[in-house]
Amino acid sequence: MESPNDKVLGDFMTDNETTLMEIDQSNIAEDEEENDPFLKFIDYAKSILHQNEGELEEDSARSPGWSWIANRILKTCVSYPSGVTPAILLSELSQAWNEHIRSGAPKKQSDVIMKLKKKHKRAKLPNTVTIDSVFEKKFLSLSSVIEAVIIDAFILPGTNIYMLTLGDIWSSNTLDLYLHRRFYSIADPDNGILKKGREVLLTGCYLRVATGSSVCARLLPTEYFVVLLDEDEDDDAMLIGAQFCSDSFSSVSLDSVKEGTSYSLYARIENIGPLEVHGKSGSLERKQITLVDNDGIRLLFFLWGEQALIANLFSVGSMLALDRPFIASVVDNSLEICDEVCLEYGSATQLYLVPLILHEEQVSVALTQNHYQGSRLLTASNPSEGPIVSQVTLPCDSQGSIDFRNYPFRSYVVDLRDKMTGISLYGVITDIRVSEGIFSLKIEDTTGAIWAKLHFVKSWSLGRLAIAHTVYISGLSSSLTPQESLQLSWYENATGSSFFNLSCLPAFPNTSCLHRLLCLADLSIHTSGAQVCRVWLDQVEHCHVNTRYMHTLCGHRVDQGPNGNLECKFCRSICNAEVELTFHLKITLADDTSKVFAWCIGQTAAELLQISPDEFCGLSEDEQIMYPSSLEREKFTVSIVNSRDNSGSFLEQDRDRAEWEVTRAIKCE
């Protein structure tokens, strides 16, 4: 018979074991949180962007918030469905943040341009367009010329890509240029001349028009780029004397070129000829520039095909410096030329120009008759580590709601209070409910769970979503229910609203900074959220392949109601005209460590089976039975989630005893 002491001891042991299990689960969750690649990359990107800001307090305040970075990363992943590298993500983040800063800045020209205006005396080239006009029209023809001054020169974070921020003396806007690699040698931060304040001319530019929330366009790399020099500046005068005055036209010879000699030449532009058409079909175009050096000797400089655009950057009387021009046999000796050679714009050629200055005289002529927005101070701290930051200032509206859109840190469920707007959450869906067209999601992170009501303009528009999917949602607002419990609301068309299902994101399996690559044996530990594994199809003789109809908008199954209408089991809508044939697949996945029985639906199932539902249904019954055997040991990279659920959700019928859902699959080549 059990004594009272034994019972107390047993109760203690049971409670203690339960507590230990809870602690263990908590530690696992904290470890997963700490090692989440997506969260780690956000922190890394924030540190990179912060390094680009100044040391002053007002510069630090302009650093991007946590939710802004998360949004931009996921938007970029949507734009690159086949996967994206960390370097591309950092590049996009840097560009987007620079645009964000500029969009809110007053339309005021930089000091560099203001100083340049005072000494600008050259004539405007015929094809010149202003940067302001490019922004207004969102169009730039290939023949257009941009007379620019470098406002900033920098390397995109995490890459070796050089960027120039360009302005002009007529515009308040600036424009970013991806510098062509042939000019990287003169863009070196230590020894290059492409620095702040340098004037340049460019043409043949392709404009990358801004999309989405971006407000700034960018110029793609162009080879038709000329650097302006000023003989009145000591550094430029020394460059001309040291690099371009040692060679003359009379020293150029084909024999020397064959021996590996390269030349740097300096001459005046005497004539710019018309565009000529050559070739039997008239498809070859050529532009002829006549150059005269200081000794009065002439050479022809030919521009072929699209190179003819460079002539738009020249003006008669200007001095042209050619570094490493291509030396060729002359094709037209109608003019007096030297040694029957000519110059061409080769792959290593770089051009510098000393423009013709218009001298002016002074003549006498007769003269003819905000609203300040309040703020709320918040203190963020971690009890175990001490204060993270002393104060964060956030805007507050007249109703007392605090706007968290620019909050520098991640928001957790435990942080949420009444009257908060612009909230973003990153977590796992643990329950979904639908009532009278309103969708309620239970979102859980390591600190707790909360319900969020989703309001759509018309109907569900977020694609497939299910239990255990990992999501990022921004634009949430908090309020208290009549029962004094906290709830969140999300409106599809509200400013700053976004919703990303990372589990179903096409780029997720191929984007290393979004996931860890796990073996199947580790899935028993990492049961929360989407994971990525490399697997093969196993025991295909036991797989179950069914075809059914799916609601196109939400990716869930439809059933026929008593009245003959097709009803979606997820969004509870009648969808007779919005259905498509799909697979419902249950199959065994294996790797060297373990096996799991998983299910999937829609495009993911078609990817695993490598056949469309229509094609499969076109097979005979025997062929359908035999078809899966051809897939034995086929290898895939898959996104997988543990869809086990104890909430009694109406979605459980899709699982049918298979606990793991494959949300994305990519065949391994």
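**Charges over rings and ring pairs**

A: Arg-633 lies over the face of Trp-536, 4.1 Å from the ring centre. This is a predicted model, in which local features need pLDDT of at least 70 and side-chain atom pairs count only at pLDDT 80 or more, while totals for chains, interfaces and linings use all residues. Residues are numbered from 1 along each chain as its sequence is written, and side-chain values use heavy atoms, with hydrogens and water left out.

Q: What counts as a charge that sits over a ring, and where does the charged end of Lys-124 sit?
A: NZ of Lys or CZ of Arg must be within 6 Å of the ring centre and within 35 degrees of the ring normal. The charged end of Lys-124 sits over the ring of Trp-170, 4.5 Å from its centre.

Q: How many aromatic pairs does the structure hold?
A: Rings of Phe, Tyr and Trp (its six-membered ring) pair if their centres lie within 6.5 Å, and planes under 30 degrees apart count as stacked, over 60 as edge-to-face and the rest as tilted. The structure holds 20 such pairs, among them the edge-to-face pair of Tyr-162 and Tyr-184, with 4.6 Å between centres and 65 degrees between planes.

Q: Are Tyr-162 and Tyr-184 buried or exposed?
A: Buried means under 20% relative accessible area, exposed over 50%, and partly exposed in between (1.4 Å probe, protein chains only). Both Tyr-162 and Tyr-184 are buried.

Q: Which rings are linked into a cluster by ring pairs?
A: The cluster joins Phe-439, Phe-456, Trp-460, Trp-490, Phe-499 and Phe-570.
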